[in-house]
Amino acid sequence: MRLTLRQRTERKWLLAAEPEVLEELRRLRARVTHVTGALAATSDGVVLAHDTATVEPEGVAALTAAALGVAQSLAGATGRGSFRELLVRGENGYVATYAAGSTAVLTVLAGDRTNVGRLHMEARRSGARLADLMGVALSRAEQP
């Protein structure tokens, strides 16, 4: 896929925000017991930063983008508005994805003993922080 100059510039600035994004992911892991990993990605699956040890971040980001598309369609088709979050519970824990503004998502991996209420509260806060970081990065991209 060919990217326009604007898209390349935006991606460059989003990726430049990696240290701050990574720090937010680490703070989230510290605040929620049993969180085993977290990653921030663009809504089309480009990893911005990750704090994961047991999964391949690019694959998770790509799957997150696919799930995001389905979740957005489902929310829209049922009149539930724009995407906010998605929670998948597996035999060994949770995968939760949260909107981080209109350009990024936060995906969190957590064990089966995680307090899901606490996870939602803290991940929503982190998603909002990531949205702010992305907004700053994108505004830098728009400056001459």
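## A residue between two strands

Ala41 has Val105 as its bridge partner in strand E5. In strand E2, the bridge partner of Ala41 is Val47. The model described here is predicted.

Strand E1 pairs with E5 in the antiparallel sense over seven bridges. E1 also pairs with E2, again antiparallel, over five bridges. The hairpin of E1 and E2 has four residues between the strands, and Gly45 in that hairpin takes a positive phi near 100 degrees. Seven of the eight residues of E1 are buried, so this strand is largely enclosed by the rest of the structure.

## Overall make-up

The protein contains four helices and five strands. Along the sequence they follow the pattern α-α-β-β-α-β-β-β-α.

Of the 144 residues, 40% count as buried. The accessible surface of the protein comes to about 8,200 Å², and carbon and sulfur atoms account for 53% of that area. Taking contacts between residues at least 6 apart in sequence, 53% join residues at least 24 apart.

## The sheet

The five strands form an open sheet in the order E2-E1-E5-E4-E3, with antiparallel pairing. E2 and strand E3 (85–90) are the edge strands, each pairing on one side only. From one strand to the next, the twist averages 10 degrees. Strands of a sheet pair through backbone hydrogen bonds, either parallel or antiparallel.

At the E3 side of the sheet, E3 and E4 pair in the antiparallel sense over six bridges. Leu86 stands opposite Thr97 in E4.

## Helices against the sheet

Helix H2 packs on the sheet and touches E1, E2 and E5. The direction of H2 makes about 35 degrees with that of E2. Helix H3, residues 57–77, lies across E1, E2, E3, E4 and E5. H3 runs at about 115 degrees to E2.

## Nonpolar cores

The largest nonpolar core has 23 residues. Those with the most contacts inside this core are Val21, Tyr98, Leu106, Val108, Leu119 and Leu130. Two or more residues each come from helix H2 (18–31), strand E1 (35–42), strand E2 (47–52), strand E4 (93–100), strand E5 (104–111) and helix H4 (116–142). H4 gives the most, with five residues. Apart from this core lies another, of nine residues, among them Ala41, Val47, Ala61 and Phe83. In soluble globular proteins, nonpolar side chains tend to be buried together.

Val108 illustrates the contacts in the largest core. Leaving aside its neighbours within four places in sequence, Val108 is in contact with Leu28, Val35, Gly37, Ala38, Tyr94, Val95, Ala96, Tyr98, Leu119 and Ala123.

## His120 and Tyr98

His120 lies in helix H4. Its relative accessibility is 15%, so His120 counts as buried, the cut-off being under 20%. Not counting residues up to four places away in sequence, His120 touches Glu85, Leu87 and Tyr98.

With Tyr98 there is also a polar contact: the side chains of His120 and Tyr98 meet at 2.8 Å.

Key
Residues numbered from 1 in each chain as written. Predicted model: local features only at pLDDT ≥ 70, side-chain atom pairs only at ≥ 80, totals over all residues. Heavy atoms only, no water. Core = buried A, V, L, I, M, F, W, Y, C linked by side-chain atoms within 4.5 Å. Buried < 20%, exposed > 50% of the residue type's maximum accessible area, 1.4 Å probe, protein only. Contact = heavy atoms within 4.5 Å. Pairing = 2+ DSSP bridges. Axes fitted to C-alpha atoms, helices over the stretch in contact; angles between N-to-C directions. Areas by Shrake-Rupley, 256 points an atom, 1.4 Å probe, with all protein chains shown as cover. Polar contact = N/O pair within 3.5 Å; in protein donor to acceptor, adjacent residues only side chain to side chain.
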